[in-house]
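Hello,

My notes on what was found follow below it.

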Amino acid sequence: MLFPVSPPPPGEVVCEPPNNKLDRFVGTLTWKNNKYPLDNEKLLLRGCVMRNTEWCFGLVVFTGPQTKLMQNCGRTAFKRTSIERLMNTLVLWIFGFLLCMGVILAIGNSIWEEKVGGKFRVYLLWDEVLNDAIFSGFLTFWSYIIILNTVVPISLYVSVEVIRLGHSYFINWDRRMYYRRRDMAAEARTTTLNEELGQVEYIFSDKTGTLTQNIMVFNKCSINGRTYGDVYDEFGHKVEITEKSPSVDFSFNPLRDKKFRFHDHSLVEAVKLGDPAVEEFFRVLALCHTVMPEEKNEGELVYQAQSPDEGALVTAARNFGFVFRARTPETITLYEMGKHSTYQLLAILDFNNIRKRMSVIVRNPKGQIKLYSKGADTILFDRLAPSTEDLMYTTSEHLNEFAGEGLRTLALAYKDLEEDVFAEWMVRLHEASTALENREERLALLYEEIEQDMTLLGATAIEDKLQEGVAETIACLTLASIKIWVLTGDKLETAMNIGYSCNMLRDEMSDVFVITGHTALEVQQQLRTAKEKILGPTREIVNGEKDAEKMDLYRNDSVFEETITSEYALIINGHSLAHALEADLERLLLDTACLCKTVICCRVTPLQKAQVVDLVKRHKRAVTLAIGDGANDVSMIKTAHIGVGISGQEGMQAVLASDYSFAQFRYLQRLLLVHGRWSYLRMCRFLCYFFYKNFAFTLVHFWFGFFCGFSAQTVYDQWFITLFNIVYTSLPVLAMGLFDQDVNEQNSLRHPKLYELGQLNVLFNKRQFFMCTLHGIYTSFVLFFIPYGAFSSNVRDDGSHIADQQSFAVTIATSLVIVVSVQIGLDTNYWTAVNHFYVWGSLTIYFCILFAMHSNGIFTIFPSHFPFLGTARNTLTQTGVWLVILLTTTVCVMPVLVVRFLRTDLYPTMTDKVRHTQQASRRQRPQEQNLKRVRRTSSRRSAYAFSHQEGYGELITSGRNMKVAVPVFSLLRKRGDPATGTTVVAWSSGSGTRESENTQGQ
Amino acid sequence: MAENEEKAKAQNRCPDNSAFKQQRLPAWSPSLTAETVLPFFYLLGIACVLLGVLLQITMQNTQEIKVDYTNAESCDMCFETRKYKVNASRECHCSITFSLKERLEGDVFFYYGLVNFHQNLRRYMDSRDDAQLLGRIKKLKNPSVYCGPNFQYANGTPIAPCGAIANSMFNDSFALFFHPLVDRPLRVPLFRKGIAWYTDKNIKFHNPYVPNESLPQVFQATAKPLYWQKPVYELDPNDSTNNGFINEDLIVWMREAAFPNFKKLYGILDRQSSKMFEQGLPAGNYSVSISYNFPVQYFRGRKQVVLSTVSWFGGQNHFLPIAYLVTGCVTVLVAVVLTVVYIKFGKKGLKMED
């Protein structure tokens, strides 16, 4: 928030209209007859936080939906699941089917009236109006539409919503998706997408805050050939470090950071003993950086680091007794093991992408001039004095070890400088820095010159802390045939590093394609090369085919996707992506990307994230899921079929735009493999049963039509028709839709392959629908014709008749209720008490209501409404009737049993097998078997800790960003509350520095 | 303090650890294994076959004699007479003969059968007023419009009983005669009451009751249905308690048949009144004399007389035993096939490969 002290003098800003380009801004400020250019450097994006300043002037240029960030958000579309769309289509089909039946019966009626009814009319004395057979057919059509309308499952929509609501509650209630540390339970924010969670094929994940915690932790180090950081037990075995491992007590140090944890005691002991190498090591960490300290109260140090890596290193030094306490442009004050010592800062040899190192030259309190350097090991090792070769090899081994654990490493070195050499160098440096030509090159040369013959001190290993269980989750989801694409605003290096540490990139991979082209042509070239390499030289990649051919190509690709044995990875950065997402290249990009096991897009803007998601959504018939935690993920969360928000420290935008939210990436596994799979299963079973039930129920009228002169006489009692769907059969299927489980949660997680049945959509599709309806039609046929055969000439055992319509109705209705109850019993895999209660309860209720409605009392009160008096008593006491019901049930259910038995016996699915195993092991204690911890075994020398930009060194030495004198604002990634978000043009007398990380495309 | 509060709050947001909310309700999850399905099929199949055999044997002990009298023998003349509406009021009597080769054992039931008569048409079935038949005075005088055009005459006189069903009531009457070889014909005694359901007779149908008025007086302001020859209170000339809405022939007729071919009970053999019929109907020659009133030629219908005995599962019924036998056999066959399939192919199918 900005609070202007006094009203600013009038001025005028002319700038570009609102747009979504985050890396560009053009405008001019006219103020007091002067014109000032406004560019991107002077722009604060919505959600930014100012640092290191007490005040600044600002001007709001865009607000609300005009802000660049909001322009990147994309539109909110109403999300529906594929099953729901299919359901709508099917309901339309059913409606068509209903019309067809109506027409058939109406024609039947016309013919019947013509042939038979006309002669029969003498008994009916109908008005002359009805003499016309055609008109009678017309009326019959509408009568049948009304009678048969129960075939259109109207209550389906309500039931589906109830079931989804239930599933959403189960997600909300899941303790295993509850994050205790932040007291955050998972939340299903929509109730319409649950079953689609069981069909996800592509996951698009943000990196920072989603895969990683965005916390850097000083984890290990190697000092003078010895590693610190591992904990060993008394037998010398390495102990796994967990939350509960005892950590080192830093209480000797009053200025320590209390949140810092380190587990290896030997390092503290080494510091306390005053090992010179260790001291020097920490001195490097405490001196060689661009961190700004802030000490509001005595002893309450806060570091403002522009990259979390540096912060972690300086904090480590601080806790081990080398506290970086204050800096001025010329000095750095340390609090070294309880003593204040001030170093004169002589020069900062700043970081840049080519140098991959930074150094400082200081004069220590003893007056010695020292150069401290830290940087990428490969770079630094070339600049060491030959005498330290042995140490270099040892350290190199240690670095390999660190890299193998996915840590980011830095090598540290120092050098003593002679006074005169330095003075001479300093003169040349001054010359170079004031030179007008080739200044940078000359500076680089000078830096190179002095950073030679250094002595190696050791190496640090920093953990870019992944969220808990990320690697395991990714491995598990990959086993479930879900493809995970990482879309991040981070740099290539960082993104790749995370790719390695969460096991998405592996050493065994045949190739990792990095697409960094700057022009469309370059990108195309690189993509083609990659594709050709994957597919082998035999396949020509043809461009610009017709659609049909494209489909062919696509199909071939799918085949290839399966046959390609070696694994590839594709990494593409924002520039190239912009070209690759053009209409003519997107197909190539998609094809290539889909051939790769892993896809990482780095330096992408929020809008590009959405475009990538949209690309997959459009061309692959696959369900996509986007997961992210920040405002920059909102567009992709909105675009994907399912959006998941990680409710982290990054504010609420992502969560607010999402469909599901929880606190940890690893819960995604449970959301998809357990909740999603179950939801899908339950919904499909529910739909199948629902359609079956309606067909079985309604089509009996159709068959009866052929015997009652197509006169639209109903088979059942009106009350039965009213109550059948609501009271007699709704609850058992609802219970199944809510509680059914084919395999338990442990097995769902242990066998991720089970998830594939949702991706292939085998449980409910048009074919399944036809099977259900056929099953329903068959049932209705049996339900009608067996009683017909048995009844048409039957009498009771006391000779009085039973072939009357009412007895027939009661018999069929009872058979129907029993048959559909048995069927739901067969469909239910998981009989909880609730299921039992509902199934048996429904049957009981049926008989209770039946007898109540056929009772004397209700008839004498409403004789015209309950004409079925006594039918239940007279019919259901007959053995013959029960024989009919038994036969009907047997004939209806037997084929289902046979088909199901044969299917599980001959073509057992994965589910059947797991179920079988699960039941076999039922007697043994069910034990939770976690997936084996995925250990990364990479030898890749990991990169590089600096994720910041160059230029800070100069700022420090020039003194321009020293706090009191000059405000400096930095643009921090998406922090802050959405309500106050505005885009601000800010200026100050000093030059602004900003941290550009995730929201920035370059 | 604050920490405690925070802890309490944390507890609040944490979902309950109940079996229901965590979807861990104890449950029974059956599955279709060979151990359960195959024995079930065998048992079911064998049970069906046994039941089928039992039904077949039982059914063979029941007998049914069906005689079509539409235009048989002397009824041919009546058939012709009834062809024309002008003859509607003319009485016509005829008789048919048949012989029983075996004695009809036990209770014998006398039915009349109609072929091709649609009692199950929607408009026909709706055309009645149960409230009127229940004896509601208000409805007697003011029958429901559901009765259709048959609820009152053009002059406003209400019809009792109203509606197409009542109007089309079957009005042939029968007398069954036994012809012993030596003696003169003997009328077979039939119970003409007790042929309707108890609930129908005693609850669903009641005569309207007005204190101090006889039945004809109660029905005074109403008219008989159009096709009827006598008013409802004179339906049974022999038994005054069998008149009005509780006339059992009317009650039987009012229970509409589900299918166009049906039979309805007319009388039950009275085995007590005569020694000859104590065991049922003896073998020999019989004749039925018919008061032929009901025209069927309009809709190409047929009329039958049916004599039948019943068993514990109802009258003679060929369908049920055969259906059970077929189902049972098919089930056993399927069970055998499934066993073979299971042993040959499926035994190891469910083992996990890994």
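A disulfide here is a pair of cysteine sulfur atoms within 2.5 Å. By that rule, B:C147 and B:C162 are bonded, with their sulfur atoms 1.8 Å apart. Both cysteines sit in the loop between helix 6 (137-141) and helix 7 (164-167) of chain B, so the bond ties together parts that are 15 residues apart in sequence. Helices (H or I, at least four residues) and strands (E, at least two) are DSSP runs, numbered from the N terminus.

Two sentences on conventions. This is a predicted model, where local features need pLDDT of at least 70, side-chain atom pairs count only at pLDDT 80 or more, and totals for chains, interfaces and linings use all residues. Residues are numbered from 1 along each chain as its sequence is written, chains are lettered from A and ligands numbered from 1 in the order in which they are written, and side-chain values use heavy atoms, with hydrogens and water left out.

Burial next. Buried means under 20% relative accessible area, exposed means over 50%, and partly exposed lies in between (1.4 Å probe, protein chains only). B:C147 is buried, at 0%. B:C162 is buried too, at 2%.

The other disulfides

How many disulfides are there over all chains? The count comes to three.

One joins B:C75 to B:C94, S to S 2.1 Å. This pair links distant parts of the chain: B:C75 is in helix 3 (residues 75-81) of chain B, B:C94 is in strand 2 (residues 93-100) of chain B, and they are 19 residues apart. The torsion about the S-S bond of B:C75 and B:C94 is about 80°, so this disulfide is right-handed. B:C75 has 0% relative accessibility and counts as buried. B:C94 is buried at 6%.

Another is formed by B:C78 and B:C92, with sulfur atoms 1.9 Å apart. B:C78 lies in helix 3 of chain B and B:C92 in the loop between helix 3 and strand 2, so the bond ties together parts that are 14 residues apart in sequence. Right-handed or left-handed? The torsion about the S-S bond of B:C78 and B:C92 is about -90°, so the disulfide is left-handed. B:C78 is buried at 0% relative accessibility. B:C92 is buried at 4%.

Count the bonded cysteines along chain B and the pattern reads 1-4, 2-3, 5-6.

A:C688 is buried, with a relative accessible area of 14%.

For A:C288, the closest cysteine sulfur is in A:C221. The distance is 16 Å, too far for a bond. A:C288 is buried at 0% relative accessibility.

Chain A overall

Chain A has 33 helices and 28 strands. Of its 1002 residues, 59% count as buried. Take contacts (heavy atoms within 4.5 Å) between residues of chain A at least 6 apart in sequence: 75% join residues at least 24 apart. The accessible surface of chain A comes to about 40900 Å², and 57% of that belongs to carbon and sulfur atoms. Accessible areas come from the Shrake-Rupley method with a 1.4 Å probe; for residues, only the protein chains shown count as cover.

Best wishes
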